[in-house]
Amino acid sequence: MNAQEKERIFQTLAGGGNRKDNFYVYALCSGNVPFYIGKGRGERILNHETCALMAKESIEADDTLTESEKKYKIDQLNKKLKEILNSVGNQTANWVIVKWGLTEAEALACESALINLLEFTSGKTNPLTNLVNGHASKLEKANPADCKTKARTLDEFLKECAIPVSELDESVKEKILFLKANQFYPKCLEPPKGSDKIDDAEIQRRLKDCVSALWHVGKKDRDWKNYYIFALYHQRVVGIFHIVKVLGPVGELKSLPGFPDFPPEERKSDRWSIKFDSLAEAEKELKSKDFELLSKELQKNGKNPDAELNATKKKVYFLLDDNVPHQLREKFENTIITRKGRENFFKSQNSLLYWE
């Protein structure tokens, strides 16, 4: 293949212009048998040596890994690269474009699905040199299964991944505030910068921050100390916390004791929204980057920013702890929750739902 032919191929894959759907998924094959599945754009399919070198530098700079862990990862990377380059160098490899015209998210999903299927169908004779199974979807990441992305039989899926179902009925005497965490729970699962893993304690710490603020809670005269917050991710209970105290409306507070920190950008916007009475006032005091962040947050869904600033000041936040009755955790934690006689209860559009 000459340079002109390569140019035609990569121009076609790019689709012309600066597009978001210029990713593709490819396979390197020995004959018709794939030994590597990858995703990329541009000339990624031909540049494994350069990409492996970048990956090696990234591993060496990762302070979260021990020296033995770094050595193991680099050894595995070198082994994979050697297999690929030997096949390519001996001209025994076929380059195969599997799917193109994809966004990065679509390419990641396609790559992972192909790897999972090939590993499953090949069993112990799996020829793939990929080190990982590709990227997990949001629901896969949130699932408690040890291996997040993997092809499974239905029986294996039932045993390893399927979430138990629990029923909310008259036997539950505790007062519960259900809070939908669909938007922010995936952020709690993201590993810290420079790492590829996060422990359960940190996930729960982040989740507690996320469910703490800021909310319109309706009735102000509730006995909040007798309430428990259930954080729901697509109707699965991913966290249970006890309400110690409710602080607010925040516009009336001189300080914000115990105000949450995660997610960082959203919490910055919350504090600025409490501080400033208008977007014009915020623009005078904030750095341009910070003002852009606040302005973007306030104008979501075409809302009036000054009206949003005023609405924020009427909200409250919770101080929470982990003092939750054992029977509540045992019955409901990590279950898909339903309500007897009211099947549509959790399908409400409201962010907060009450069981009293």
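This is a predicted model: local features need pLDDT of at least 70, side-chain atom pairs count only at pLDDT 80 or more; totals for chains, interfaces and linings use all residues.
Visitor: Which residues have the most contacts inside the largest nonpolar core?

Guide: That core has 27 residues, and those with the most contacts inside it are Phe184, Tyr185, Leu207, Val211, Ile229 and Phe318. The elements that give two or more residues to this core are the helices α7 and α8 together with the strands β5, β6, β7 and β8. If you look at Phe184 and leave aside its neighbours within four places in sequence, you will find Phe184 in contact with Leu179, Leu207, Cys210, Val211 and Trp215. There is also a second, separate core of 17 residues, which includes Val172, Ile176, Val324 and Ile337.

Visitor: How should I read a pocket, and which residues are the closest to the centre of the second largest pocket?

Guide: Rolling a probe the size of a water molecule over the atoms shows where empty space is left. In this structure the second largest pocket has a volume of about 1200 Å³, and of the 30 residues that line this pocket, the closest to its centre are Leu214, Trp215, Glu297, Lys300 and Lys315. By class, the lining has nine nonpolar, eleven polar and ten charged residues.

Visitor: Which helix supplies the largest share of that lining?

Guide: The largest share, five residues, comes from α9, while α9, α11 and α12 each supply at least two residues. In α11, the residues Phe291, Leu293, Leu294, Ser295 and Leu298 are buried, and the buried residues of α11 pack against α9, α10 and α12.

Visitor: Where in the chain do Glu202 and Arg206 lie, and how should I read their spacing?

Guide: An α-helix has 3.6 residues a turn, so residues three or four places apart point the same way. Glu202 and Arg206 both lie in helix α8, four residues apart, and they form a salt bridge whose closest N and O atoms are 3.1 Å apart. Glu202 counts as partly exposed because its relative accessibility is 22%, whereas Arg206, at 8%, counts as buried. In helix α9, Arg267 and Asp270 lie three residues apart, and their side chains meet in a salt bridge at 2.6 Å, N to O. Salt bridges that share partners also join Glu202, Arg205, Arg206 and Asp209 into one network.

Visitor: What does the salt bridge between Asp322 and Lys208 link?

Guide: Asp322 and Lys208, with their closest N and O atoms 3.3 Å apart, link distant parts of the chain, since Asp322 is in the loop between β8 and α13 and Lys208 is in helix α8, 114 residues apart. Asp322 counts as partly exposed, at 47% relative accessibility.

Note on methods. Residues are numbered from 1 along each chain as its sequence is written. Side-chain values use heavy atoms; hydrogens and water are left out. A nonpolar core is a set of buried Ala, Val, Leu, Ile, Met, Phe, Trp, Tyr and Cys residues joined through side-chain atoms within 4.5 Å. Buried means under 20% relative accessible area, exposed over 50%, partly exposed in between (1.4 Å probe, protein chains only). Contact means heavy atoms within 4.5 Å. On a 1 Å grid over the protein atoms alone, a cavity is a set of points where a 1.4 Å probe fits but cannot get out, and a pocket is an open set with protein on both sides within 12 Å along at least five of seven lines; lining residues have an atom within 4 Å of a point. Grid points are joined across faces, edges and corners, and a volume is the space filled by probe spheres set on the points. Ala, Val, Leu, Ile, Met, Phe, Trp, Tyr, Cys and Pro count as nonpolar, Asp, Glu, Lys and Arg as charged, and the others, Gly among them, as polar. A salt bridge is a side-chain nitrogen of Lys or Arg within 4 Å of a carboxyl oxygen of Asp or Glu.
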